[in-house]
Amino acid sequence: SPWKPVLLLPSPPALSTSCARCAKDRRLREKRAISERQLTRYFVDRRKVRVVGGQGGGGGHSFYSEPRKVFGGPDGGNGGDGGHVIFKADQQMKSLSSVFPFYQGFRGERGGSKNCYGANGAHVYVKIPVGTLVKEDGKVVADLTQHGEEYIAAYGGAGGKGNRFFLSNENRAPKLFTPGEPGQERVLHLELKTTAHAGLVGFPNAGKSSLLRAISRAKPAVAAYPFTTLNPHVGIVHYQDYEQVAVADIPGLIKGAHQNRGLGMAFLRHIERCRFLLYVVDLSVPQPWIQLQDLKHELEAYEKGLSERPCVVIGNKIDLAQSRINLPLLREQVAERVIALSALTGDNLEELLLHLRELYDSYVKTEQSQGESPVKW
């Protein structure tokens with residue numbers, strides 16, 4: 001027979017993912033750890049933004065005409081309105097680094113024939129962090145403190161009128177139509193203020209970052225040199241009844257911070273949004289009560305009444321021998337409640353967590369009694 005049998009070989013098996021040696025490594029790569037000094041390149045709390053509303057679409061200019069009806073009259077529709085530029089507070093945003101310096105709304109479409117109106121231009125939404133102030137010429141025009149709150153930064157221009165709009169008994173064939181109006185143009189300054197329930201206030205190397213690590217899952221940089229923390233960190237303290245208290249680690253202040261010394265007023269404004277303050281004092285230094293006096297002086301010099309908010313004094317580094325000697329002296333000099341603990345070893349953290357909840361509950365009752373909704377995380 002001229003036909004020869006053909007031996008069909010089995011096709012090679014497909015790549016098996018069940019075998020450990022053949023399977024591809026599908027594990028996600030771990031994110032590279034960013035140090036505190038590298039993080040400052042991505043943290044932006046001030047931004048100058050130029051916003052322009054969308055141009056309105058021009059009005060249509062046409063006349064209706066068909067067989068046996070040549071003079072059907074004007075039928076040019078109106079143009080669409082330009083889109084707005086809208087700032088929207090988003091709880092997922094923590095910095096203004098993703099905000100561009102220029103935004104413009106979309107243009108409205110031109111009016112068409114047969115009385116067809118042009119479509120309106122789409123709005124441009126700009127996500128900004130909760131707790132952002134919007135200023136124009138030094139004046140506050142918006143304060144976005146709630147998630148989902150919106151502010152129209154620039155209105156879009158109105159659409160032009162088609163020649164159908166100008167039809168009247170005196171003018172049966174109007175040729176007049178108007179172009180779309182330009183959008184609103186503004187130059188705005190965005191200023192971020194951290195929105196947290198409690199703020200850790202203290203001098204450099206007082207142990208604020210270590211304390212925030214101990215009571216929450218936040219991981220600010222910790223080192224043995226001053227000014228380790230260069231931007232605020234917010235940690236969330238969880239309780240058994242599912243309440244969450246936000247605690248902000250404010251960078252260390254020095255004498256003359258209200259005069260823009262050290263980190264200066266760049267981070268003093270973050271304390272304005274804190275409902276109650278946690279003064280962190282290093283018990284191992286001589287005369288630790290002087291630290292508390294200096295801290296209150298800086299807050300009061302920056303904004304009157306800021307140092308009078310509900311507070312508690314935290315004596316850190318109680319695990320040192322000198323701290324145990326200074327603790328009774330501090331309690332004699334300070335009228336506020338003093339909680340001695342060690343952020344390094346975790347001693348007496350329970351007392352701080354219980355008192356923190358008491359401050360939070362009193363804040364919620366005060367807001368509800370005034371008819372306002374408390375900040376929730």
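Which backbone atom does the side chain of H123 reach, and at what distance?

Analyst: In this predicted model, the side chain of H123 reaches the backbone nitrogen of H84, at 2.9 Å. H123 belongs to the loop that runs between β3 (102-104) and β4 (124-129). Leaving aside residues up to four places away in sequence, H123 touches G83, H84 and I86. With G83 there is also a C-alpha separation of 4.4 Å, although H123 and G83 are 40 residues apart along the chain. H123 counts as partly exposed because its relative accessibility is 36%, which lies between the 20% and 50% limits.

S62 sits in the loop between β1 (46-52) and β2 (85-90). Its relative accessible area is 16%, so S62 is buried, the limit being under 20%. The side chain of S62 makes a polar contact, at 2.5 Å, with the side chain of D75. Beyond four places in sequence, S62 touches P74, D75, G76, S113, K114 and N163.

Of the contacts between residues at least 6 apart in sequence, 72% join residues at least 24 apart.

Helix α5 (residues 321-333) has a kink of about 30 degrees at L327, shortly before the proline P328. L327 is also one of the buried residues of α5, together with S323, N326 and L330. The cover over the buried residues of α5 includes α4 (289-302), β13 (311-316) and β14 (338-340).

Helix α6 (residues 349-369) has 21 residues and spans 31 Å from its first C-alpha to its last, close to the expected 30 Å. Its buried residues include L352, H355, L356, L359, Y360, Y363, V364 and E367. An α-helix has 3.6 residues a turn, so residues three or four places apart point the same way. L349 and R357 are buried in α6 as well. After α6 comes G371, with a positive phi near 80 degrees.

Key
Residues are numbered from 1 along each chain as its sequence is written. This is a predicted model: local features need pLDDT of at least 70, side-chain atom pairs count only at pLDDT 80 or more; totals for chains, interfaces and linings use all residues. Side-chain values use heavy atoms; hydrogens and water are left out. Helices (H or I, at least four residues) and strands (E, at least two) are DSSP runs, numbered from the N terminus. Buried means under 20% relative accessible area, exposed over 50%, partly exposed in between (1.4 Å probe, protein chains only). A polar contact is a pair of N or O atoms within 3.5 Å; within protein, one must be able to donate a hydrogen and the other to accept it, and residues adjacent in sequence count only if both atoms are side-chain atoms. Contact means heavy atoms within 4.5 Å. The expected span of a helix is 1.5 Å times one less than its number of residues. The bend at a residue is the angle between axes fitted to the seven residues ending there and the seven starting there.
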